Amino acid sequence: MSMIWKKLCKAGGFKINEHTDGQEALELHTDLNEIDPELFIKFVRIPSLKTYASLIRKLESCSKKWLTEFLELGGLTSLFEVLEKLSERGLAKFSDAFLQLECVRCIKAVMNNVTGLEFMSNNPSLANQLVTGT
């Protein structure tokens with residue numbers, strides 16, 4: 001893992017743990033209310049079950065201000081882009097399917113919020129992505 005990525009993780013409240021097999025894993029060690037939307041968007045672009053699970057919890061309980069900032073900074077667009085890339089990879093492993101499902105749950109969490117629904121309806125390109133799946 002690069003030093004830049006490690007610094008970004010630390011700034012976002014994530015702790016990097018090294019497993020016995022040499023793999024590094026991120027663990028969230030902060031209150032989700034402290035993570036700003038811009039940082040979550042950066043993490044969303046690198047598919048991870050923990051990131052998506054954390055984002056779902058945040059989206060389900062966030063303030064209107066936080067969600068608005070997340071949407072205006074391109075959070076929903078990033079989710080659609082990641083979902084498209086995950087779909088292109090195919091389903092080589094069960095974990096790939098689960099990643100896609102968690103990404104869709106993030107989009108659903110946005111759509112279950114009035115602010116998210118209004119944002120989607122005011123952006124025809126996003127509505128088109130939702131309908132066509134591209």
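This is a short chat about the predicted model shown above.

Me: What kind of model is this, and how are residues numbered?
Reply: The model is predicted, and residues are numbered from 1 along each chain as its sequence is written. Local features need pLDDT of at least 70, side-chain atom pairs count only at pLDDT 80 or more, totals for chains, interfaces and linings use all residues, and side-chain values use heavy atoms, with hydrogens and water left out.

Me: What secondary structure does the chain have?
Reply: Eight helices and two strands. From the N terminus the order is α-β-β-α-α-α-α-α-α-α. These are DSSP runs numbered from the N terminus: helices are H or I with at least four residues, strands are E with at least two.

Me: How confident is the prediction?
Reply: The average pLDDT is 80, and 72% of the residues score at least 70. pLDDT is the predictor's confidence in each residue, from 0 to 100.

Me: Where is confidence lowest, and where highest?
Reply: Lowest in strand β2 (residues 24-28), with a mean of 48. Highest in helix α4 (residues 64-72), at 95. Over residues 24-30 the pLDDT is below 50, though that stretch has 32 contacts in the model beyond near neighbours in sequence. A contact means heavy atoms within 4.5 Å. Where pLDDT is low, the predicted coordinates should not be read in detail.

Me: What share of the chain is buried?
Reply: 39% of the 134 residues. Buried means under 20% relative accessible area, exposed over 50%, partly exposed in between, with a 1.4 Å probe and protein chains only.

Me: Switching to salt bridges. How many are there?
Reply: A search of the whole structure finds one. The definition is a side-chain nitrogen of Lys or Arg within 4 Å of a carboxyl oxygen of Asp or Glu.

Me: Which residues form the salt bridge?
Reply: R105 and E102, with the closest N and O atoms 3.0 Å apart. Both sit in helix α6 (residues 94-111), three residues apart, about one turn of the helix.

Me: What span should α6 have?
Reply: Its 18 residues should span 26 Å at 1.5 Å a residue, and the end C-alpha atoms are 26 Å apart, which agrees. The expected span is 1.5 Å times one less than the number of residues.

Me: Now α3. Which residue caps the N-terminal end?
Reply: S48 does. A side-chain oxygen of S48 lies 3.3 Å from the backbone nitrogen of K50.

Me: Which residues are buried in α3?
Reply: T51, Y52, S54, L55, I56, K58 and L59.

Me: And V44, where is that, and what does V44 touch?
Reply: V44 is in helix α2 (residues 37-44). V44 is buried, with a relative accessible area of 1%. Not counting residues up to four places away in sequence, V44 touches T51, Y52, L55, S78, L79 and V82.

Me: Last one. What does T115 touch?
Reply: T115 lies in helix α7 and is buried, at 12% relative accessible area. T115 touches K64, L67, T68 and L71, leaving out residues up to four places away in sequence.

Terms used
A polar contact is a pair of N or O atoms within 3.5 Å; within protein, one must be able to donate a hydrogen and the other to accept it, and residues adjacent in sequence count only if both atoms are side-chain atoms.
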